[in-house]
Amino acid sequence: LRPLPDEPKHIKCKLKGPNTLQMGEELQSEIEVMLTDQYGNQVQSATSACVNSLGVSAPGLDKSNLKIIWQENTLTMKIQGIRFKPCLLGSKELCFAWREFSDFLRLNLTAGSPAKVQFVGWPELEKPVAVINGRELQKPLIVQLCDQWGNPTPEPNVKISLIKGNNIKIVSSNQHHKTDETGRANLGVICIHAPRGEHTLQLKAIYNKTTLDCPIITLNVLPDPEKPVCLNVKYDKNASFQAGGTFPDFMVSVLSEDDNIIKNINPARISMKMWEAQSIGTRMPIDVTVFSCSKVKDDKEDGFFYFRDKVVPERVGTYNIQFAFAMDKTNILTSDQIIVDVVPNDPVRLLPDSLPATPAVSNVRALTSRTLVKDLCLHVMDEYNNHTGIDLVGRIIAKIKSPNEDDTEIPQFQGKVSTAEFPFERGSAEIVSSLVLAENSPGRDSTEYILVFEPDLPALKKPLEPYRLSFMFYNDFKKQQQMATLTRERDQLSQSIGVYRNWLDTTNQLVNEIKCQVKEAETRETHLKSELKKHQIELPQTNTLQYVDSLIKQKMLDQEGVMKQPRRTCTLPNYPKGNQDILGKIAHLAQIEDNEAAKVISWHLASDMDCVVTLTTEAARSIFDETQGRQQVLPLDSIYKKTLPDWNRPLPHLRNGKTFFRPIGNPVFARDLLTFPDNVEHCQTVFGMLLGDTIIIDNLDAANHYRKEVVKITHCPTLLTRAGDRIRSNGKFGGLQNKAPPMDKLRGMVFGAPMPKLYSTFAGQIDLLQQYRTAVVKLDNVNKDLDLHLQSLNAPEMQKKKQELAEQEKSLKLIEQKLGMTSSDKVTESLLQPVMLDMPDTPIPPKRMRRETVKKL
């Protein structure tokens with residue numbers, strides 16, 4: 001062949017190495033450019049002057065370091081310093097031109113090295129992000145590694161951490177913060193606990209021992225309007241708290257973090273607790289008095305709770321009052337303690353510190369035989385036996401009276417006087433000097449007289465009850481000594497008889513209470529037995545517990561078998577509920593029992609089954625951003641609810657309680673076939689909008705008949721048949737688009753079936769059997785308890801105590817006869833008075849205290 005002229009007709013570019021280039025970096029691979037003839041052969045006549053005619057260009061090419069070097073040994077031009085200015089990543093085309101000839105190379109421009117961290121889906125971070133204290137942010141924090149120009153960098157396993165102040169607490173749903181293969185890290189949905197105001201959160205990331213530039217989030221923490229933080233108590237702080245009186249009205253409200261009153265609170269969750277203050281501290285003891293909230297009748301203020309007509313303690317002293325709000329089973333919010341001083345009530349009577357023994361005196365010469373009382377101190381008491389009247393000044397007048405008004409022989413005091421006076425001050429009068437009868441004082445032998453101490457207190461508007469002390473008067477000294485001995489015996493017997501009677505009364509009362517418990521347990525057992533009969537469960541007369549236990553076990557096995565039975569389920573994966581505002585996909589919100597209805601309704605709603613329902617538009621927008629717009633979302637706050645159908649509306653052929661025609665095919669609203677496992681109210685809104693008044697009917701003939709009759713009186717909604725046909729609301733039917741495919745063609749996008757009714761039947765029977773078992777055990781226990789106490793009543797020890805009581809009462813009667821006391825009322829009075837003085841402010845004990853008293857006795 002004859003060689004052609006050596007003349008350049010083309011240029012050829014060759015890349016030696018990978019074609020990938022990072023943003024901001026120079027291309028490491030060499031680019032060679034050669035001149036060729038028209039057949040692709042290298043031109044051998046090229047010289048170094050060729051570099052002056054070579055140009056390199058590309059969109060965004062940075063030519064500041066571009067070099068073209070002539071290589072003499074290969075007669076080629078080498079290109080160095082290829083890099084790009086900040087621009088879009090991806091494929092970049094380099095153009096090499098020499099004179100009128102050109103050639104192209106394609107490079108892949110990738111992101112540079114990680115230089116900073118950016119948030120994904122948070123465009124509003126320039127402003128503080130509002131969040132309610134104790135609640136989560138609206139969406140998860142997702143961050144992306146970027147180069148210095150903001151291009152996403154796919155660098156995995158870079159640890160991301162959050163830096164916060166000490167006064168802010170963060171609870172994250174995702175504890176492991178490392179980037180994935182795309183350079184992203186999901187920090188999860190963050191719950192914020194912090195004081196009101198603005199706080200900052202900063203990210204921290206380190207790559208190749210270099211700290212990356214990280215953004216700062218400013219959080220505007222708002223108070224939680226639903227979180228209780230304190231109890232506000234209002235009452236009359238100037239009121240006086242008299243023993244046995246009533247407290248002023250307490251008005252309690254629960255305040256939230258935003259200092260507003262929380263409404264719609266159950267009054268049963270608020271209580272008032274009171275206990276006697278102790279010197280060891282203000283901590284609440286175990287045994288406190290608890291008051292419940294008064295019923296609100298005419299109170300129009302919502303959120304206020306009243307404690308009215310609560311009784312002040314009968315014992316004088318300092319008490320603590322505290323109000324409590326049970327937020328849940330474990331957390332209780334309490335108010336500040338209110339310290340009240342209970343003061344004595346109005347003066348009522350005059351009483352000594354302790355009851356003296358009944359004196360027995362005579363009119364002999366010996367002074368001790370004529371002494372009535374010695375070192376007696378009388379105090380003014382209120383009706384609850386609290387010392388009162390400290391500011392009273394006056395005198396106490398002692399007199400001797402006879403129970404018989406016609407008796408003229410009244411004993412006299414020493415000095416032949418009928419009265420004796422003692423000073424009274426600061427609520428007390430001390431009978432320091434002995435009160436003595438006169439020698440040879442008048443009086444009937446073996447007669448009971450009364451020593452009366454009458455208060456004379458001018459400052460009192462209402463007179464006080466005097467203190468009366470009975471004594472026996474004798475004319476003979478020896479007889480007086482005998483009678484004094486009998487009087488002491490009488491006092492001892494009276495006290496012993498009182499203890500016996502109280503013990504026996506308490507024991508009998510406890511037995512009566514146990515009998516009431518037995519009756520209640522029998523009634524409960526009979527009622528549950530009749531309920532079991534309604535469920536066709538008959539119980540044997542013997543070995544009842546063993547039979548019930550085996551029956552419960554069998555029912556549980558049957559229930560488990562029903563639960564394991566195959567049933568229709570929705571195989572469409574649900575959307576993860578990372579946010580409380582996400583309800584889930586529509587296919588998972590409802591269940592349908594009937595297979596034919598489930599098939600046709602699922603097909604009718606096929607385009608909506610994959611849609612995720614949220615409570616708020618913000619949650620829906622977050623899902624939209626996370627899925628790059630591929631996921632259908634439906635926020636409930638965007639639904640116009642006034643056009644939703646009434647869930648209880650009758651079928652179209654029923655109007656105003658009248659039937660306009662007799663339908664065929666068993667029509668029913670499609671929505672009535674749905675059951676909702678959770679969120680019933682929200683689900684009714686969703687399916688009320690999706691289904692409207694759609695009706696399910698047996699077959700196409702019945703549907704056409706129904707529509708033909710309905711349109712005579714009103715609009716006819718969409719009709720679905722159990723056979724799989726559809727008649728649209730405009731009357732159109734037929735064609736593949738109006739015929740439901742077989743169930744297997746729906747690819748699992750079908751409403752699941754609820755648990756069979758037999759499952760709930762077994763659950764009800766198991767619950768009844770367990771209740772019956774508990775009732776039988778309780779009845780057996782209380783019967784055993786009753787038998788035990790009845791046996792104790794007939795035990796030899798009890799009979800012995802009853803015999804001792806009878807003997808003591810007989811002895812007391814004989815002593816009273818010897819003392820000249822024949823009235824049985826004297827015994828009763830002597831038995832009751834000491835109890836009143838020893839227990840001045842003890843109310844009637846509750847059942848628990850009575851039982852403990854019986855055990856102690």
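## Burial and overall form

A residue is buried when its relative accessible area is under 20%, exposed when it is over 50%, and partly exposed in between (1.4 Å probe, protein chains only). By that rule, buried residues make up 41% of the 857 residues in this protein. The structure is a predicted model, in which local features need pLDDT of at least 70, side-chain atom pairs count only at pLDDT 80 or more, and totals for chains, interfaces and linings use all residues. Residues are numbered from 1 along each chain as its sequence is written, and side-chain values use heavy atoms, with hydrogens and water left out.

The protein has eleven helices and 50 strands. Both are DSSP runs, numbered from the N terminus: helices are H or I with at least four residues, strands are E with at least two. The radius of gyration is 50 Å, well over the 29 Å that the globule rule gives for 857 residues, so the protein is more spread out than a compact globule. That radius is taken over C-alpha atoms, and the globule rule is 2.2 Å times the number of residues to the power 0.38. Along the principal axes, the C-alpha atoms fill a box of roughly 180 × 75 × 55 Å.

## Surface and contacts

The accessible surface comes to about 48,600 Å². Carbon and sulfur atoms hold 49% of that surface. Areas come from the Shrake-Rupley method with a 1.4 Å probe; for residues, only the protein chains shown count as cover.

Contact means heavy atoms within 4.5 Å. Among contacts with a separation of 6 or more, 69% are between residues 24 or more positions apart.

## Domains and annotated regions

The domain assignment gives domain 1 (10–110), domain 2 (116–222), domain 3 (228–342), domain 4 (347–475) and domain 5 (582–755). These bounds come from an automatic or database domain assignment. The centres of domain 3 and domain 4, taken over C-alpha atoms, are 46 Å apart.

## Salt bridges

The whole structure contains 23 salt bridges. Each is a side-chain nitrogen of Lys or Arg within 4 Å of a carboxyl oxygen of Asp or Glu. One of them joins arginine 106 and glutamate 93, at 3.1 Å from N to O. Arginine 106 lies in strand 10 (residues 101–110) and glutamate 93 in strand 9 (residues 90–98); the two are 13 residues apart. Glutamate 93 is partly exposed, at 36% relative accessibility.

Arginine 135 bridges to aspartate 224, with the closest N and O atoms 3.0 Å apart. The pair links two loops, 89 residues apart. Arginine 135 sits between strand 12 (129–132) and strand 13 (142–146), aspartate 224 between strand 20 (216–222) and strand 21 (228–234). Arginine 135 is partly exposed at 28%, whereas aspartate 224 is buried at 8%. Arg135, Asp224 and Glu226 are linked in a network of salt bridges.

Lysine 399 and glutamate 454 also meet in a salt bridge (3.6 Å, N to O). Lysine 399 is in strand 34 (residues 393–401) and glutamate 454 in strand 38 (residues 447–456), so the pair ties together parts 55 residues apart in sequence. Lysine 399 is partly exposed, with a relative accessible area of 28%. Glutamate 454 is partly exposed too, at 23%.

## Two buried loop residues

Serine 335 is in the loop between strand 28 (332–334) and strand 29 (338–343). Its relative accessibility is 6%, so serine 335 counts as buried. Leaving aside neighbours within four places in sequence, serine 335 contacts Leu231, Val233, Gln322 and Phe323.

Alanine 740 is in the loop between strand 50 (726–727) and helix 8 (757–793). Alanine 740 is buried, at 7% relative accessibility. Not counting residues up to four places away in sequence, alanine 740 touches Lys599, Trp603 and Gly724. Glycine 317 is 423 residues from alanine 740 along the chain, and 83 Å separate their C-alpha atoms.
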